[in-house]
Amino acid sequence: MEARAQARYVRVTPMKARRVIDLIRGMNAADAQAVLKFAPQAASEPIGKVLDSAIANATNNHAMDSRSLVVSAAFVDEGPTMKRIRPRAQGRAYRIRKRSSHITVIVSDGIAPVVRAAAKPAAKPAAKPAAEKAPAAEKAAEKPAAKKAPAKKAPAKKAAAKKASAPAESAEKEG
């Protein structure tokens with residue numbers, strides 16, 4: 001059996017709230033309350049209220065024992081972002097993003113843990129056989145060879161070659 005509580009449009013950034021949520025996920029509900037009470041982060045206050053509400057929902061609505069409750073799932077989703085403008089020098093304006101969060105805490109009696117579907121990692125696509133990879137490798141190998149042009153000699157080498165051939169030519173003319 002499980003009970004849930006949700007707080008929406010909380011004015012806490014989701015990244016900061018997730019740091020606190022990660023502390024309590026999987027903990028005993030009473031221990032999680034103690035951790036949130038003394039956590040220095042500002043997001044711990046609204047998360048503590050949501051946890052208290054979830055525990056109250058479990059005891060009042062589902063007649064579960066509050067001492068055996070476990071935080072089986074806790075997550076923070078991103079809410080709407082309010083956009084504001086900060087005036088800057090020379091008539092410019094910078095954007096200020098005031099982010100909000102939707103905080104959800106699910107407590108259960110520890111019998112069946114709840115797993116959030118979106119939190120599961122996506123399955124990796126199957127690897128292609130080597131026969132399919134070979135034509136792509138051949139094409140990649142052909143392209144650089146076709147685009148390369150022969151390198152030009154540096155000007156210093158040309159000048160040195162002219163100087164070396166000049167005395168030989170003058171000796172041929174004289175003799």
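Start by selecting Ser 44: this residue is buried, at a relative accessible area of 6% (buried is under 20%, exposed over 50%, partly exposed in between, with a 1.4 Å probe and protein chains only). The model is predicted: local features need pLDDT of at least 70, side-chain atom pairs count only at pLDDT 80 or more, and totals for chains, interfaces and linings use all residues. Residues are numbered from 1 along each chain as its sequence is written, and side-chain values use heavy atoms, without hydrogens and water.

Now show what touches Ser 44. Beyond neighbours within four places in sequence, its contacts are Val 20, Leu 36 and Ala 39 (contact: heavy atoms within 4.5 Å).

Step past the helix end to Ala 63. Its phi is positive, near 55°.

Move to the sheet. Three strands form an open, antiparallel sheet in the order β1-β5-β2 (strands pair if DSSP finds at least two bridges between them). β1 (2-10) and β2 (70-78) are the edge strands, each pairing on one side only.

Zoom in on β1 and β5 (101-108): seven bridges join them. Pick Ala 7; its bridge partner in β5 is Ile 103.

Finally, bring α3 back. The helix packs on the sheet and touches β1, β2 and β5. Its direction makes about 150° with that of β1 (axes are lines fitted to C-alpha atoms, for helices over the stretch in contact; angles run from 0 to 180 degrees between N-to-C directions).

Note on methods: Helices (H or I, at least four residues) and strands (E, at least two) are DSSP runs, numbered from the N terminus.
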